[in-house]
Amino acid sequence: PPTHLPFASDHIKESIELIKKLEEKNLTYKTSDGIYFDTSKIKNYIKFGNGGEVSKEGESRIGKNPEKKNDRDFALWKFSSIGWNGPWNTGFPGWHIECSVMSKKYLGETFDIHTGGIEHKPIHHTNEMAQSESVSGKTMANFWMHNEHLILPDGKMAKSKGNSINIKDVEDRKIDPLSLRVLFLQAHYRSPQIFSWDALEASATALLKIRNFINEANKNIGTPNAGYISEFKKIIENDLDTPKALALLWEV
């Protein structure tokens with residue numbers, strides 16, 4: 001289980017402190033609705049540019065704000081009549097600043113692996129990296145691992161679509177939930193994966209075969225096969241290539 005389950009609302013003080021540090025570096029400006037990060041003030045802002053989603057002027061995920069210096073500039077503190085007392089006005093932290101604050105507090109200025117969905121790559125993670133590294137002067141994360149989407153017959157699984165499938169749905173069909181893990185490991189995390197109940201039932205059959213193999217092997221445990229262990233390490237250390245790792249398991 002995770003050792004930390006932090007809430008952004010418990011880190012308002014730290015959010016304000018980080019924004020103040022960005023202010024001291026002259027990387028912010030004020031508009032009528034909040035405090036913004038000036039992306040033109042830093043070099044190599046778009047480290048994650050994939051198709052220039054945030055580099056094209058005039059493109060903005062939340063609509064055009066005429067007071068912003070650049071369309072890609074993002075809010076650090078949003079003014080609101082409901083919120084917390086800040087040095088600038090009552091309001092609340094921006095989405096990106098919350099993540100920078102909590103990761104720094106619990107993992108340090110530089111940590112090893114940052115994960116997240118592919119949709120976070122061009123905007124959220126780019127902005128998170130920009131503000132964190134602007135303050136620390138250090139690399140925020142050594143590795144960024146972005147997972148692709150799970151695709152249902154009617155498109156991407158999303159709360160907004162109301163097409164989510166949960167564990168109870170799996171259990172109601174008398175399928176072991178661990179079959180989901182077998183299914184997910186069959187696709188590389190950087191590749192989209194199509195979900196179907198037939199595929200999940202096939203994974204349940206595969207899970208049963210794996211368990212039977214383990215139970216049989218446990219009756220006569222010998223010396224580990226150094227060749228298979230070496231091959232498995234080589235596969236899994238190549239960007240977590242789980243499909244090839246599963247193929248090796250079936251070979252064994």
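Me: In which order do the four strands of the open sheet stand, and is the pairing parallel or antiparallel?

Reply: As a general idea, the strands of a sheet pair through backbone hydrogen bonds, either parallel or antiparallel. In this predicted model, four strands form an open sheet in the order β1-β2-β3-β4, with antiparallel pairing. The strands β1 (28-31) and β4 (91-93) stand at the edges, and because each has a single partner strand, one side of each is left without a neighbour in the sheet. From one strand to the next, the twist averages 30 degrees.

Me: How many bridges join β3 to β4, and which residue is the bridge partner of W84?

Reply: Strand β3 (residues 74-84) and β4 run antiparallel and are joined by four bridges, and the partner of W84 is G91 in β4. Helix α1 (residues 12-24) lies across β1, β2 (34-37), β3 and β4, and runs at about 135 degrees to β3.

Me: In which sense do β5 and β6 pair?

Reply: Strand β5 (residues 111-117) pairs with strand β6 (residues 141-147) in the parallel sense, over six bridges. Between these strands the chain passes through helix α3 (residues 121-136), and this β-α-β crossover is right-handed. Within the pair, T115 stands opposite M145 in β6.

Me: Why does L185 count as partly exposed?

Reply: Partly exposed covers the range between buried, under 20% relative accessible area, and exposed, over 50%; L185 has 33% relative accessibility, so L185 counts as partly exposed. This residue lies in helix α5 (residues 178-185) and, leaving aside residues up to four places away in sequence, touches T242, P243 and L246.

Technical notes. Residues numbered from 1 in each chain as written. Predicted model: local features only at pLDDT ≥ 70, side-chain atom pairs only at ≥ 80, totals over all residues. Heavy atoms only, no water. Pairing = 2+ DSSP bridges. Helix = DSSP H or I, 4+ residues; strand = E, 2+ residues; numbered from the N terminus. Right-handed = clockwise from strand over helix to strand, strands pointing away. Buried < 20%, exposed > 50% of the residue type's maximum accessible area, 1.4 Å probe, protein only. Contact = heavy atoms within 4.5 Å. Axes fitted to C-alpha atoms, helices over the stretch in contact; angles between N-to-C directions.
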